Amino acid sequence: MNQIPEIFRVVPINHFVILASILFSIGILGVLTRRNAIIIFMSIELMLNSVNLLFVAFSSYKSDPTGQVFVFFIMAIAAAEVAVGLAIIVMIYRRIRTTDVSILNNLKG
Amino acid sequence: MLTITLLSLLGLILLFVGFLNNIGLSRTIAVLGLVAGLGSMLFLDQDILTFSGLETQLSFDSYAIKFSSLILFLSVFILFLSGKFIKKDYVQSAEFLAVLIFSLVGALMLTSFTHFITLFVGLEILGISLYILAGTDKKSPGSNEASLKYLLLGAFATGIILFGMALIYGATGSLDFQAIANLGQAKIDSSLFKFGLFFILIGLLFKVSAAPFHFWSPDVYEGSPNVVMLFMSVVVKIASFAAIYRVFGNYLNNYSFFWWDIVYYATLASLVIGNLLALVQKTVKRQLAFSSISQTGYLLFALLVIPNDQTVNGLVFYLFVYGCAVLVAFSVLTDWFGTDPNVKLDQLKGASKSDQMGSFALTIAYLSMAGIPLTGGFFAKLFMFTPAMESGLVQLLIVGILSSVVGATYYLRPIINVWFSSETPVLEKGNSYQWIAFMAGTLLLVAGVFPDTISNLIALI
């Protein structure tokens, strides 16, 4: 990590931050507005991946490997979350034959 | 690391013991393993067993040991209470126990992290296990729905926390809490750092279910099986409070001028919303869910005052008393109604006629949650209010005291239903968990009459 590829320096760090923030906002909007469980789940993945992008960019600029190690942790755990999440969505689909979360309103008060 | 390793092995062993199809054996192994874990947490040096690279990222200091021992102590009884639920034929008992143990590994990491990576991994081990546990009652639509809601909102909150971590990493170039706690002024002033703190705080408030980020918790609590709701409102509450206090009370307290106001308003909102909405609930579990939001409000007092050992001990005392009270309530409910997840408050009417002891324990539990003197809840609230008074948070104290008065009215409803009703209820009349109710109820009384014994014990660890 002593030598950062010069290619990173071509793009200013602010651009990475702005791009990641835009991706993150798209993810949040997706979670808040979409009604399909799968698409909400994809939006959450988008949020996590924008975080990955931000970590990698900062890590390269600071010549510090910790950020990239963190990205591996995020990827591994996101995969675990997807495994559990898709299983839960399949369980719901078997019962109500749809993945539309607005139908799920048994619990309220 | 020793206890964490022990529990991880215990989880794996339980998965294999599951092949024998012997629920009693699995549960005995799980309980013995947890007791061994509690013993190793209290009496052995955690650093006997470390893994290279991790020794600087998890630190079992006295703060971590206090919270971890409390978590392990209460989860032993939760495991006993799970007996009736895992005997249902469509519940996978071995997996249920193993996932429960794995989630405890995450909970212990949340009490002892010193690095962003361990905080994140702990949150996710606890979170992912809970998504599964919430959905274990596969035949119930409520359980399915709770599982999905918890998954989507929990993952959402994790995403927010991660974004905050990335921003702080960008601002400071470090992911170690101690390094971030000792920063120069120039780095603190950057907007990246402020936004980072903001996102982490919002995400953690979400995880402790403080209002206005509480909307998921009543639904998830109501839909989950009873024993899982007990687990969430006891163990998960302790673990997430250990985490939020460790981040903002221990490490980032120097920067309290950034986050103090947000926590202050979240505290006010939790007290008001939790107590007012609990007034209109009709089922026992939903009432307890809103009561748990208001308890979050009282617990957040600890973040608003000057951090010292006394505050930490008060926090542990409060969580201990609250945990015991919920434990009593659920063991009595399990005795009376089995695993029925939708017990109405009206169904409690006249229960004292068929089970005096249980009704008595339930009364103590609810009185303690309301904070009536002679029960532990009174001193728990007192220990929370005293530092706040010393810090001069008068308005907050007034709201706190008024909302505990409102709280007392709805905590009295189940008590009135149990004792003063002419109806005769339909109860299952099992006495299998009476000993848990009796023991935890005694602890509540001890904490109420001799609070010094318990608080000295906590200070000793």
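This is a predicted model: local features need pLDDT of at least 70, side-chain atom pairs count only at pLDDT 80 or more; totals for chains, interfaces and linings use all residues.
# Exercises on a two-chain model

In chain B, helix α6(B) gives the most to the lining of the largest cavity, with 5 residues. Helices here are DSSP runs (H or I, at least four residues), numbered from the N terminus.

Residues are numbered from 1 along each chain as its sequence is written, chains are lettered from A and ligands numbered from 1 in the order in which they are written, and side-chain values use heavy atoms, with hydrogens and water left out.

## Exercise 1: The largest cavity

Describe the volume and the lining of the largest cavity.

*Step 1.* Start with the term: on a 1 Å grid over the protein atoms alone, a cavity is a set of points where a 1.4 Å probe fits but cannot get out, and lining residues have an atom within 4 Å of a point. Points are joined across faces, edges and corners, and the volume is the space filled by probe spheres set on them.

*Step 2.* Count and size: the rule gives 8 cavities of 30 Å³ or more, and the largest has a volume of about 130 Å³. Its lining has 14 residues, with G127(B), Y150(B), K207(B), W216(B) and V236(B) closest to the centre.

*Step 3.* Now the helices: α6 (116-134), α7 (141-172), α10 (191-207) and α12 (226-251) of chain B each bring at least two residues to this lining.

*Step 4.* Sort by class, with Ala, Val, Leu, Ile, Met, Phe, Trp, Tyr, Cys and Pro as nonpolar, Asp, Glu, Lys and Arg as charged, and the others, Gly among them, as polar. The lining then has 10 nonpolar, 3 polar and 1 charged residues.

## Exercise 2: The second largest cavity

Which element gives the largest share of the lining of the second largest cavity?

*Step 1.* This cavity holds about 90 Å³ of space. Among its lining residues are L81(B), F85(B), V227(B), L230(B) and F330(B).

*Step 2.* At least two lining residues each come from α4 (83-86), α12 and α15 (309-337) of chain B. The largest share, 3 residues, belongs to α12(B).

## Exercise 3: Where the chains meet

Work out how many residues of chain A and chain B are in contact, and what the side of chain A is made of.

*Step 1.* With contact taken as heavy atoms within 4.5 Å, 44 residues of chain A touch 42 residues of chain B.

*Step 2.* The size of an interface is often given as the accessible area lost when the parts come together. Using a 1.4 Å probe and summing over both parts, the two chains bury about 3600 Å², 79% of it on carbon and sulfur atoms.

*Step 3.* On the side of chain A that touches chain B, the elements giving two or more residues are α2 (13-33), α3 (37-62) and α4 (66-96) of chain A. Helix α4(A) has the largest share, 16 residues. By class, that side divides into 30 nonpolar, 9 polar and 5 charged residues.

## Exercise 4: The largest pocket

Which residues lie nearest the centre of the largest pocket?

*Step 1.* A pocket is an open set of points with protein on both sides within 12 Å along at least five of seven lines. The largest pocket has about 420 Å³ of space.

*Step 2.* Of its 19 lining residues, M91(A), I132(B), G135(B), T136(B) and K138(B) are nearest the centre.

*Step 3.* Helix α4(A) gives the most to the lining, with 7 residues. The classes come to 9 nonpolar, 5 polar and 5 charged.
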